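Hi there,

Here is the structure I promised to pass on. My notes on the chain contact and the ligand site follow below it.

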Amino acid sequence: MSEPRDEAGEVGRALDTLLGTYPPGTTEPKEFWGAQFDAGLAWVDFPPGEGGLGVSPSLNELVSRRLGDADAPTWNRTANILGIGMGAGVLAAHGTREQRRRWLRPMFTMEEIWCQMFSEPGAGSDVASLATRAVRDGDEWIVNGQKTWTTLAHLATWGLLVTRTDPDQPKHRGMTYFVVDMRAEGVDVRPLHQITGEAEFNEVFFDDVRIPDDQRIDDVGAGWRVVMTTLMNERVAIGGRTVPRNSGMIGVAMETWNESGSGDVGTRRELARLWGEVEAMRLTTLRAAENMRTGVPGPEGATAKLAWASLNKEVTSFTVSMLGLEGALIPEGYTLEPTTYDTREVERVMSPQRAFLRARANSIEGGTSEIMRNILGERVLGLPGEPRVDKDLPWKDVPRG
Amino acid sequence: MLADTVRSFLEATVEMDSVREASLARGAIHRPAWEGLAELGVVGLHIPEAYGGAGYSFVETAIVFEELGRRVVPLPLLSCVLASAAILAAGTESQKARYLPPIASGGCIASLAVFESAHDLSPLATRAVPDGDGWRLSGTKRYVTDASRAEAFVVAATTGDGVGLFFVQAGADGVTVTPTPSLDATRPLGEVALDGALVSEDAYLGGAANGEALRSALDAGVVALAQEQAGGAQRCLEISVEHAKSRFQFGRAIGSFQAVKHMCADMLVAVEHAKSAAWHAARTLEDPEESPIAVPLAKSVCSDAYVYVAGEMIQILGGLGFTWEHDAHLYFKRAKSNSLLLGSVDSHRDRLSDAIGI
Ligand SMILES: Cc1cc2nc3c(=O)[nH]c(=O)nc-3n(C[C@H](O)[C@H](O)[C@H](O)COP(=O)(O)OP(=O)(O)OC[C@H]3O[C@@H](n4cnc5c(N)ncnc54)[C@H](O)[C@@H]3O)c2cc1C
């Protein structure tokens, strides 16, 4: 009988080597991420050679803790969230080995930015009603249609794209999933400005765009399965990252309180209440990460997404109130600029006022809070679903208002 | 009647696109709306006829604010109400006769320069020192509404005998106005720095105890804001309900989902409460028994209601509600900003606690 594998020890040693050879303080982030990927520490559960070590996904927690302690750059996960947080999980579960070898490393090093194109003007919460068409033409597919709210499309090299390939099937069945070259002919990206003035997301138009069949993910007609994987990864990426205590907006709230010099008991107690909520959420995420047996997140990811969205909105609003009249100002002002990396790097570079505005999206992006509650109620708790008028009709016959 | 007139005037004059544009040009003012409202006599509604106004009670002004709130128009009416209420409460006959008519006609935009720190009315550091026949003012006022478009300010300063209110021309020597980027860009705030600015003896509003006059001016402002909050919240509810009826997902109107329907119902309750609290405060503003309760009540209820309803509106609109191109953010920013202006909600709850004897 062979020795049981000491997975934690293996990961620990790989981390020692990485941090010893590439001291974060003196290594360029891009070089560090490349080395991290090559050491199998990008996603430890992925196979060797594809950014992982083939060990339990629960050990990703160890990596993020050690890298955090060492002040290593980890902001690629936020800046390229649609790739690292979602695309990678999709490629792991549904991609081919060639696809993973081609796309994962430059994704992790941020040489190639990714975007995700699910939502359309007529298909938001109801993604499965999407209308962007892909038609097969030999070894290629020809795509026509429009996507919207596409975060970072203006910076992206690759896009995760879901299309309708069979309008006669019920809506969940006739979809096919692709990776599309965002610079391909016929792709037109137009900025959409948001509440802060910044253009973080875009509209994307497809006019006879050709996608080679080897950029299809999973089977023809299996798009919905891949969509579900993407969305579950997205929820975890948005709300479910394991983070150190006092990080993010609760840390900003604490600083704001400490700097205010206020002794107001009511405010302090309210801050402590919010801190407690955020900490309970953080511990829940840690517990979920430790219990994670497979790399594929389940519908429970909706818990983290739902809690994070409402707490982030509440904490940022409370922080602005703590600022008093200063909260009625916005230091950055409003300019209609496209997002660059710097502004997405970390929330902490934003003023609390701007973070407060940005937080409004948290309960919308990646699936609304109402949809999260439906998922928790129906898929986690097993409550009966709402009567559905659209599920079994052919896609083309569903009412669209 | 008045409400209908103002509403149809605003609907005809104010394109929401122009509101958005004005909000980018810092300190801009919606000129056609301002001139038209001035012509309708709206600016001086609460100012006695003897001083160029229409001589109504504050209720009429409140009606106007409810309508303005529905359209988040960048207009300096709140500033003019604050300044004129201060002059009315503190000025002598001759001061009122001199300073109020230009404000009442809309010809002179005036604002109230009181706050210095982010946290309410901590002791004022701005000082007024007698100098020859007049006074010299030094200090910096912050968070002054419409600072960069005001032609005059009523400035609160300590005189040695307590708070004094002074009428200061924006263009006077020693007065420097700097706009500050505001969360609600449709109501720009700014700094007014007074560096030994010299004003005449007559600029010292000497008709009444100035501390109380200041309080009553701020209370009038809170009541105006409360109406604006109620009107804004009402409009947010309408936008939400219209969207919930017309947006289809999963083959049905999203308003048919109980999650959305219940959100709208809760918003309706909040809006109704806000209107009641705002109206009660407007009607009792002159009542010394009730206004110490009604004013902070209005601030507390209407602030929470507007922030809540505007937030839920964005949620119901989904991605659309998060865009610059949609109107929703204008309301949302106005809601948060209003909750912070003219005394924090907490400070008003402290006043309320005192007033109700707890
Ligand atoms: C900042 C931001 C970034 C985004 N980035 C991306 C991206 O990169 N790629 C991408 O594909 N999409 C992206 N989105 C789009 C996002 O996924 C959608 O906005 C979201 O799924 C909601 O869709 P919708 O906006 O059409 O709203 P709708 O689906 O029209 O929803 C409107 C309202 O109805 C409610 N509702 C809908 N259905 C139900 C139901 N069954 N039960 C109860 N309530 C319901 C919703 O909760 C919401 O309150 C982004 C959105 C934002 C705000």
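A salt bridge here is a side-chain nitrogen of Lys or Arg within 4 Å of a carboxyl oxygen of Asp or Glu. By that rule, chain B and chain A share 2 salt bridges. In one of them, Glu386(A) pairs with Arg252(B), with the closest N and O atoms 3.1 Å apart.

Some housekeeping: this is a predicted model, in which local features need pLDDT of at least 70 and side-chain atom pairs count only at pLDDT 80 or more, while totals for chains, interfaces and linings use all residues. Residues are numbered from 1 along each chain as its sequence is written, chains are lettered from A and ligands numbered from 1 in the order in which they are written, and side-chain values use heavy atoms, with hydrogens and water left out.

**The interface**

The interface also holds 20 residue pairs in polar contact, both residues at pLDDT 80 or more (N or O atoms within 3.5 Å; within protein, one must be able to donate a hydrogen and the other to accept it, and residues adjacent in sequence count only if both atoms are side-chain atoms). On the side of chain B that touches chain A, H10(B) gives the most, with 6 residues (helices are DSSP runs of H or I, at least four residues, and strands are runs of E, at least two, numbered from the N terminus). Contact, meaning heavy atoms within 4.5 Å, takes in 42 residues from chain B and 54 from chain A. Together the two chains bury about 4000 Å², 64% of it on carbon and sulfur atoms; this is the accessible area (1.4 Å probe) that the two parts lose on being put together, summed over both.

**The ligand site**

The ligand is surrounded by 31 residues, and the closest are Ser125(A), Trp149(A), Thr151(A), Thr368(A) and Glu370(A) (a residue counts if one of its heavy atoms lies within 4 Å). The site is shared between chains because residues from chains A and B surround the ligand. A backbone N or O atom of Gln116(A) lies 2.7 Å from a ligand nitrogen. From chain B, backbone N or O atoms of Gln315(B) and Gly319(B) each lie 2.7 Å from an oxygen atom of the ligand. The protein covers 96% of the 970 Å² of accessible area that the ligand has on its own (Shrake-Rupley method, 1.4 Å probe). H13(A) gives the most to the shell, with 3 residues.

Best wishes
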